[in-house]
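Thank you all for coming; I would like to walk slowly through one structure this morning. Please look at the sequence and the model on the screen while I talk.

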Amino acid sequence: MKTLLLRMERVKYAYQAERYVLNGVDWEIPERKKCALIGPNGCGKTTLFLHLNGLLRAQEGTVYWKGRNMYERGADWAQWRREVGIVFQNPEHQILAPLVRDELAISLVHAGIDREKMREALAAITAEYHLQSWLDRPTHQFSLGQKKWLTLCCTMAAKPDLLVLDEPTAYLDQHQTKQFLKQIDAIHQAGTTVLIATHDMDFVWQWADVVAVMHEGRIVMQGAPEDVFADRQRLLDIRLDVPLFVRLWQAWRPEEKIVPRCVAP
Amino acid sequence: MKTLLLRMERVKYAYQAERYVLNGVDWEIPERKKCALIGPNGCGKTTLFLHLNGLLRAQEGTVYWKGRNMYERGADWAQWRREVGIVFQNPEHQILAPLVRDELAISLVHAGIDREKMREALAAITAEYHLQSWLDRPTHQFSLGQKKWLTLCCTMAAKPDLLVLDEPTAYLDQHQTKQFLKQIDAIHQAGTTVLIATHDMDFVWQWADVVAVMHEGRIVMQGAPEDVFADRQRLLDIRLDVPLFVRLWQAWRPEEKIVPRCVAP
Amino acid sequence: MIREFDRWAYDNRLRAWRAEWKLIVAFVMLAVVMMGGWREQWLVLIGMAYWIVARARVPFSVYGKAMLAASVFLGISLLTLVVSVSVPFRITFIDSQLQPAAKLAVRSLAAWSCLFFLLITTPAPDLIALLKRMRLPAALVELCFLMYRFIFLLEQAAAELMLALRARSGGTHWRHGGMLMYQLWVKTWQSYESFSRSLAARGGVVSCGYRHQQEKAHVPLADIAAGIIMALLLGWAWRKG
Amino acid sequence: MKRAVRWSGMAALFVFYFLLTNENEAYAMHIMEGFLPVKWALFWWLLFLPFFVFGLRRLVHTLKQHPEHKLLMALAGAFTFVLSALKIPSVTGSSSHPTGIGFGSVLFGPWVMVVIGTVVLLFQALLLAHGGVTTLGANAMSMAIVGPFVAYGVYHLCRKGAVSNRAALFLAACLSDLATYVMTSLQLALAFPSPDGGVIASFLKFAGIFAITQVPLAVTEGIITVIVWNWLASY
């Protein structure tokens with residue numbers, strides 16, 4: 001039986017009356033999987049993310065976290081928020097402290113670390129992410145890639161069970177992307193469920209275990225990449241496309257329905 | 001004989017003494033071609049761009065624009081700056097005016113349009129880029145895709161001979177990317193040379209006529225995509241990679257040296 | 001200039017000193033300048049130049065440029081002292097004011113170099129952390145930390161806006177100045193919204209200023225020697241004067 | 001001979017004026033580190049401290065009720081800093097300080113702005129070596145206390161007196177700029193009385209000389225504030 005980390009049922013949310021940004025989301029995030037979320041811009045992805053740890057509260061529907069209905073009385077939202085780490089798109093607007101050391105400290109305080117244990121916790125996270133030479137560096141001198149790395153480290157400092165990344169690799173070059181994804185894989189290996197929202201289908205094809213497709217405030221498709229990407233026409237209808245590999249395969253062997261998952265050389 | 005729009009000779013530039021960001025750039029931009037510039041982050045791309053229309057002046061070396069040495073006495077830099085349009089990476093930091101109308105007007109003034117002809121010019125650019133419904137809308141309400149579109153329109157309002165785009169498609173979804181590139185192609189068809197800096201090798205493979213590879217303040221490779229991407233090892237050494245199509249082809253037919261250019265289905 | 005100064009504050013050779021030491025040095029020297037005569041002031045001026053350029057290894061070009069800007073500014077201030085405007089409109093130099101003005105110039109430059117020593121050797125966050133250790137209200141300290149971070153955020157936005165404007169041959173009209181201000185204010189609001197969101201995602205606690213000073217923040221012998229020599233020279237100047 | 005001296009003086013003044021408005025435009029009204037004699041520096045510090053302490057208590061109180069305002073206040077301070085530290089194109093070169101201070105005063109009230117304005121001045125000293133520590137009291141008095149209060153007072157008086165919002169804003173920005181400059185002139189005059197005419201003659205002299213830059217500046221400041229406000233109103 002597969003365990004669900006998070007489940008959403010008919011979640012609806014509108015910033016303005018009657019204009020639903022989320023229009024009945026049914027969604028499941030299985031535990032310890034690599035999940036991808038794709039969908040055109042403006043489909044409500046960011047709003048959906050804000051429901052993943054209760055930054056927004058759905059106006060209708062329910063969210064279950066680890067099997068527990070979070071909209072019931074007595075649900076521990078502080079704990080929930082600690083267990084879900086979100087890295088937003090723009091790292092500029094997430095780094096608050098002038099020095100890396102302080103930035104990590106903010107996250108550690110969030111994780112509920114005491115003042116006394118702070119030093120050890122800081123040393124641990126520093127060693128894990130190789131931040132030794134960064135500790136006393138000012139965050140505003142960093143390049144975009146370094147800032148993205150830092151936001152990842154800070155989010156991981158709180159040891160979340162679910163790590164959510166919004167377009168982590170935009171503006172990164174190939175090498176930085178590889179480094180970043182290596183780290184994400186290590187994090188996944190260590191037992192964290194990872195959810196990535198992206199526009200890069202080739203990346204989804206190679207990386208994800210589960211793909212969810214979002215369109216106009218709903219999750220319209222969900223499943224393994226080879227199933228989701230098998231139906232190209234449906235994806236084209238909602239202004240998405242299949243990965244290049246799938247396109248090439250389908251052009252090469254149009255009679256075969258199933259495209260093999262394989263990692264690019 | 002191929003005509004050169006811009007030529008750089010041993011261009012050097014350092015923000016701080018002795019730390020060269022551009023370390024002897026030799027580069028040619030042929031007229032009416034689709035040019036791509038690739039290179040890892042931090043290789044000096046942005047600084048290079050600022051030399052393309054004289055926003056920075058090289059400390060050593062020379063820049064020729066349309067065959068004319070721009071570092072000679074009497075070179076018309078105002079004219080040069082009009083003829084090169086640059087769209088920077090972050091659209092957030094390029095839009096200045098509160099209304100679309102005013103934003104276009106800034107560009108039209110830059111293009112040297114008189115007060116009297118302003119109205120007609122504005123109408124022309126509005127019709128060309130389908131901006132009718134936007135004219136009196138405030139720019140800050142726009143989504144990122146709309147902002148990118150607007151920056152493109154504003155740059156094109158000045159009718160440049162060389163259009164430079166820095167990662168135009170980051171954060172755009174597939175549909176927006178297609179729309180954007182369709183417009184770029186139309187611009188290219190109309191006779192403008194287009195230069196795009198990007199990290200997306202698959203896009204370079206499909207789109208570009210000429211590719212330049214930048215590394216540590218130098219242009220290290222230059223040529224047609226099939227030539228540049230033929231040498232995978234060299235690209236890997238400078239932390240880049242070849243397009244997926246090339247990788248697949250080389251895995252499928254390792255004995256063939258030349259990879260055919262073909263557009264993905 | 002602000003970015004250049006800021007970079008040197010992190011990269012100079014005296015970064016490893018405890019911020020307290022640098023603050024004490026700067027303030028003691030400042031007190032000497034304010035209380036002392038012109039001999040002490042000249043000594044402090046030279047001593048600070050030595051410490052900034054030779055010990056902290058800040059390039060002379062950076063120091064010289066800053067000093068030049070300060071001197072120009074000082075020159076204007078002094079000009080208002082030595083000229084006199086009378087009705088009907090005529091400007092005359094007051095000879096008797098020349099000497100006090102010269103003295104004032106030396107004092108100001110000496111005092112300025114103490115301040116510059118502090119800013120070029122010590123990153124602002126270290127000084128703010130010092131405020132925290134001095135038990136100033138946490139609200140003020142956090143405000144300082146956040147403001148320092150946001151200054152560079154908005155400064156970069158402003159610089160990029162100016163660059164984009166210049167690429168379109170703009171930036172010369174005063175209306176553009178208004179637009180720039182407007183955009184900065186819009187950016188300020190938008191950053192506020194994004195920051196509050198990401199802060200909420202991290203539990204909503206700002207608690208900057210966790211800092212333990214580097215354990216081995218030793219003062220090199222050469223610096224102590226230089227300090228002692230300077231103190232001796234000061235003492236000598238004091239007795240002479 | 002005298003004529004030549006007078007003309008060269010005028011020329012020098014203009015050269016300095018243009019240098020000032022180009023490079024150091026934003027700092028025209030700062031008093032430099034070490035410029036004030038010890039007793040005056042102390043005097044202004046002592047006068048400034050009660051304001052600061054009271055403002056700080058108001059700020060702590062406000063933050064207890066609305067902790068989310070912390071980010072906004074820091075951003076407003078950074079906004080003010082960047083406006084006053086950047087070269088922003090305008091007719092004479094504007095310090096734009098009142099614009100930031102004005103918006104801040106309307107948002108948070110003048111007392112909180114006393115603290116934020118002081119921190120801005122402190123950062124100008126610690127990041128750019130403009131202004132200073134000994135002269136912080138005097139500078140804060142003119143820029144972080146007189147400026148915001150005049151802006152706030154003028155704005156609210158005008159609103160009560162049924163003056164239109166825009167005119168009120170224009171007057172607030174313009175007069176707070178002028179008040180800042182009058183205060184600085186007064187501080188300089190008190191510290192450096194003229195040998196023949198005393199403090200009053202000295203004040204008239206400083207005020208007269210600064211008027212060349214400050215009066216057009218104040219007017220520009222007012223106009224720009226109104227324009228920016230117009231845009232923001234449509235936000």
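I will begin with confidence, go on to chain D as a whole, and then turn to strands and helices in chains B and A.

A word on conventions before that: residues are numbered from 1 along each chain as its sequence is written, while chains are lettered from A and ligands numbered from 1 in the order in which they are written. This is a predicted model, in which local features need pLDDT of at least 70, side-chain atom pairs count only at pLDDT 80 or more, and totals for chains, interfaces and linings use all residues, and side-chain values use heavy atoms, with hydrogens and water left out.

For the complex, the predictor gives an ipTM of 0.86 and a pTM of 0.87. Chain D averages a pLDDT of 78, and 80% of its residues score at least 70. When I speak of helices (H or I, at least four residues) and strands (E, at least two), I mean DSSP runs, numbered from the N terminus.

Where in chain D is confidence lowest, and where is it highest? The lowest mean, 42, belongs to helix H1 (residues 2-22) of chain D, and the highest, 92, to helix H2 (residues 38-65) of chain D. Over residues 5-27 of chain D the pLDDT stays under 50, and for this stretch the model has 39 contacts, meaning heavy atoms within 4.5 Å, beyond four places in sequence. Residues 89-96 of chain D also have a pLDDT below 50, with 32 contacts in the model beyond near neighbours in sequence.

Chain D has eight helices and zero strands. Of its 235 residues, 61% count as buried, where buried means under 20% relative accessible area, exposed over 50%, and partly exposed in between (1.4 Å probe, protein chains only). Among contacts in chain D between residues at least 6 apart in sequence, 74% join residues at least 24 apart.

Let us move to chain B, where six strands form an open sheet in the order E6-E7-E8-E3-E9-E10, with mixed pairing; two strands pair if DSSP finds at least two bridges between them. The edge strands are E6 and strand E10 (218-223) of chain B, each of which pairs on one side only. Neighbouring strands of this sheet are turned against each other by 20 degrees on average, direction ignored.

Why is strand E7 (residues 162-166) of chain B described as largely enclosed by the rest of the structure? The description holds because five of its five residues are buried. On one side of E7(B) these are Leu162(B), Val164(B) and Asp166(B), and on the other Leu163(B) and Leu165(B).

E7(B) pairs in the parallel sense with strand E6 (residues 84-87) of chain B over four bridges, and there Val84(B) stands opposite Leu162(B). Five bridges join E7(B) to strand E8 (residues 193-197) of chain B, again running parallel, with Leu163(B) opposite Val194(B). Together, E7(B), helix H6 (residues 174-189) of chain B and E8(B) make a right-handed β-α-β unit; right-handed here means that, with the strands pointing away from the viewer, the path from the first strand over the helix to the second runs clockwise.

In chain A, strand E3 (residues 34-38) has five of five residues buried, so E3(A) is largely enclosed by the rest of the structure. Lys34(A), Ala36(A) and Ile38(A) point one way from E3(A), and Cys35(A) and Leu37(A) the other way. Four bridges join E3(A) to strand E8 (residues 193-197) of chain A in the parallel sense, where Lys34(A) has Val194(A) as its bridge partner. Four bridges also join E3(A) to strand E9 (residues 210-215) of chain A, running parallel, and Ile38(A) stands opposite Val213(A) there.

Finally, a helix pair. The axes of helix H5 (residues 144-157) and helix H6 (residues 174-189) of chain A come within 11 Å and cross at roughly 5 degrees. That makes H5(A) roughly parallel to H6(A), since angles under 35 degrees count as roughly parallel, over 145 as roughly antiparallel, 65 to 115 as roughly perpendicular and the rest as oblique. Axes are lines fitted to C-alpha atoms, for helices over the stretch in contact, and angles run from 0 to 180 degrees between N-to-C directions. Among the residues that meet are Trp149(A) and Leu152(A) in H5(A), and Phe180(A) and Ile184(A) in H6(A).

Definitions and conventions: pLDDT = per-residue confidence, 0-100.
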